[in-house]
Amino acid sequence: MTRVQEWYWYIVSLLVVTLLCALKTVQFDQQHIPVYYPNRIVFTNESRPFTVRVTRFVCTETPYEVSELLQCKTILRRNSPTFFNITLHVPKVLNVVYFQVKTYYRLNEYQAFPVDISVEACAYLRNPSEDIFSRHVMSVVFITMPDLLYYCPQGNTTYRATFWLEDKFFPMSVPAGDYRMDIRFSDELNKTLISYQSHFSQHIPVYYPNRIVFTNESRPFTVRVTRFICTETPYEVSELLQCKTVLRRNSPTYLNLTIHVPKVLNTLYFQVKTYYRLNDYQAFPVDVLLEACAYFRNPSEDIFSRHVMSVFFATVPQLLYYCPHGNRTYNVAYWLEDKFFPKSVPAGDYRQDVWFRDELNKTLLSYQAHFSVRRRDMDKIRNMTDILHMDRSTHIVPSPAGFRVFGKDFEIHFDRINVTNGAGGDDSSHPQEDYTPTLVKRKTYVWEITRRQPTANITVPVFLGKHEKQSIPPFQNAISPRDSDTQKD
């Protein structure tokens, strides 16, 4: 072996030994000692009288001088807590880390809330105190980020964390409203390592045990919503982002609504007016006007208010919580269907005007619902007579005894009757209103004249002994046939 080869293998061996020593040192440095903290709070899934909704996490004071923020992202999840994904590189070794939390409650603006924490984290992990706030925060971090809880030194690594807040992390009693929590980590020179804000709201659902439970019992009518229209736009104190009518086959029509309300609302007026269309829209005696925040606290027994509240519980229950409202973006899917209406509703076309206003009577949202109520008597007419094909000229005219159906070549009289339900139920002794055909007039055709007596007034028997068919109907009472139809071949 030459001298050059000896030097070559000597250098290679030296590099290998140096690399092994470095790997051993890195492996030793990565062996962190987990924090021993036996006195932490055990959170249970016991139901709370409120719900917590995190709207966003925001990283602040960026860029940082002694660290590098690689990712700061809020992930909104349906029916799950909102996630805060963060990636932070801290190049220096830290033996002193200051941790600070400040909480704010929003009235018209954010004001200090008495939940503040300021500790030196490395010293606290070695000697935990019995301070209730610090103990609570430590217990939350043990659930959300247990991999980061090890004794100092910290730093000289890239931190990847996922943090969230949920109902069980909060005490059993928390004032409802909107909150902001400011969190800051800093080094021994008070230079910011990371700083972020957590915006969340605390909502207490409305307790309303006296609401109406709507069933799928068949109604003698059908309701068809033709359109929803947002009115009085643009609004002064809110921002309408979406107002869309979604027509669906064999399903109720939806109103998809997205509106941002920046201000906090402790007073919210709700108004409903209903109109019935004859030649034009006229007032219908179904009006509601109430102050929603006060009504949530002390519901009245007014039948219209109770009915509206019950509909909201069926369609938008996530919005029914005690005030304050506002300071958020509302996403709503609202609809109307047959079961939301009383068992007896006059047939016709309706318009329902709805307003939401603040304490200064400024409109937050206003919309109109256009819908029609159609009775199912048309099927009865077709089944109880031989008129199976009705053209566009067919129309119904009210009469003192009931109503009359006029068509191109026929006329049918329906009289109002009272029938008794014999099923033996709770309502078996109460008469129920119904209609029955009592007179049918139909145009006579030429082939009917030549073969048999012309069709005339026929009285259909409803009660035994009351009506009788005429043996030979008089021709003069029938609808006069056209001259062209009476000409014989």
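Colleague: In this predicted model, is arginine 184 buried or exposed?

Modeller: Arginine 184 is buried, because its relative accessible area is 18% and the class covers values under 20%.

Colleague: Which residue does the side chain of arginine 184 meet in a salt bridge?

Modeller: The general idea is that side chains of opposite charge can pair when their charged atoms come close. Here the partner is glutamate 61, with an N to O distance of 3.9 Å. Glutamate 61 belongs to the loop between strand 1 and strand 2, while arginine 184 sits in strand 7 (residues 177-186), so the contact ties together parts that are 123 residues apart in sequence.

Colleague: With which residue does glutamate 65 form a salt bridge?

Modeller: Glutamate 65 pairs with lysine 191, and the closest N and O atoms are 3.1 Å apart. Glutamate 65 is located in the loop between strand 1 and strand 2, and lysine 191 in the loop between strand 7 and strand 8 (192-203), so this pair ties together parts that are 126 residues apart in sequence. As to accessibility, glutamate 65 is exposed at 62%, whereas lysine 191 is partly exposed at 29%.

Colleague: How many salt bridges does the structure have, and which residues are linked in a network?

Modeller: The count comes to 11 salt bridges. A network of such contacts links Lys92, Asp187 and Glu188. A further salt bridge is formed by lysine 343 and glutamate 217, whose closest N and O atoms are 3.4 Å apart. That pair links distant parts of the chain, 126 residues apart: lysine 343 is in the loop between strand 14 and strand 15 (348-357), and glutamate 217 is in the loop between strand 8 and strand 9. Glutamate 217 is partly exposed, with a relative accessible area of 43%.

Colleague: Let us turn to the disulfides. How many does the structure hold, and what pattern do they follow?

Modeller: A disulfide is a covalent bond between the sulfur atoms of two cysteines. The structure holds 4 of them. With bonded cysteines counted along the chain, the pattern reads 1-2, 3-4, 5-6, 7-8.

Colleague: Why is the disulfide of cysteine 59 and cysteine 72 called right-handed?

Modeller: The handedness is read from the torsion about the S-S bond, which is about 100 degrees for cysteine 59 and cysteine 72, so this disulfide is right-handed. The two sulfur atoms are 2.0 Å apart. Cysteine 59 lies in strand 1 (residues 51-59) and cysteine 72 in strand 2 (residues 68-75), so the bond ties together parts that are 13 residues apart in sequence. Cysteine 59 is buried, at 16% relative accessible area, but cysteine 72 is partly exposed, at 31%.

Colleague: Which cysteine is joined to cysteine 230?

Modeller: Cysteine 230 is joined to cysteine 243, with an S to S distance of 2.0 Å. The torsion about the S-S bond is 95 degrees, and the link is right-handed. Cysteine 230 lies in strand 9 (residues 221-230) and cysteine 243 in strand 10 (residues 239-246), so the pair ties together parts that are 13 residues apart in sequence. Cysteine 230 counts as buried at 15% relative accessibility, and cysteine 243 as partly exposed at 29%.

Colleague: Is the link of cysteine 293 and cysteine 323 right-handed or left-handed?

Modeller: This link is left-handed, with -80 degrees about the S-S bond. The S to S distance is 1.8 Å. Cysteine 293 is in helix 4 (residues 292-297) and cysteine 323 in the loop between helix 5 (303-315) and strand 14 (325-335), so that distant parts of the chain, 30 residues apart, are linked. Cysteine 293 is buried, at 1% relative accessibility, and cysteine 323 is buried as well, at 18%.

Colleague: Strand 2 holds cysteine 72. What is the order of the strands in its open sheet?

Modeller: The order is 2-3-6, an open sheet of 3 strands with antiparallel pairing. Strand 2 and strand 6 (154-164) stand at the edges with a single partner strand each, so one side of each has no neighbour in the sheet. On average, neighbouring strands of this sheet are turned by 15 degrees against each other, direction ignored.

Colleague: How many bridges join strand 3 to strand 6?

Modeller: Strand 3 (residues 83-94) and strand 6 run antiparallel and are joined by 10 bridges. One of the bridge pairs consists of isoleucine 86 and alanine 161, the latter in strand 6.

Note on methods:
Residues are numbered from 1 along each chain as its sequence is written. This is a predicted model: local features need pLDDT of at least 70, side-chain atom pairs count only at pLDDT 80 or more; totals for chains, interfaces and linings use all residues. Side-chain values use heavy atoms; hydrogens and water are left out. A disulfide is a pair of cysteine sulfur atoms within 2.5 Å. Helices (H or I, at least four residues) and strands (E, at least two) are DSSP runs, numbered from the N terminus. Buried means under 20% relative accessible area, exposed over 50%, partly exposed in between (1.4 Å probe, protein chains only). A salt bridge is a side-chain nitrogen of Lys or Arg within 4 Å of a carboxyl oxygen of Asp or Glu. Two strands pair if DSSP finds at least two bridges between them. Axes are lines fitted to C-alpha atoms, for helices over the stretch in contact, and angles run from 0 to 180 degrees between N-to-C directions.
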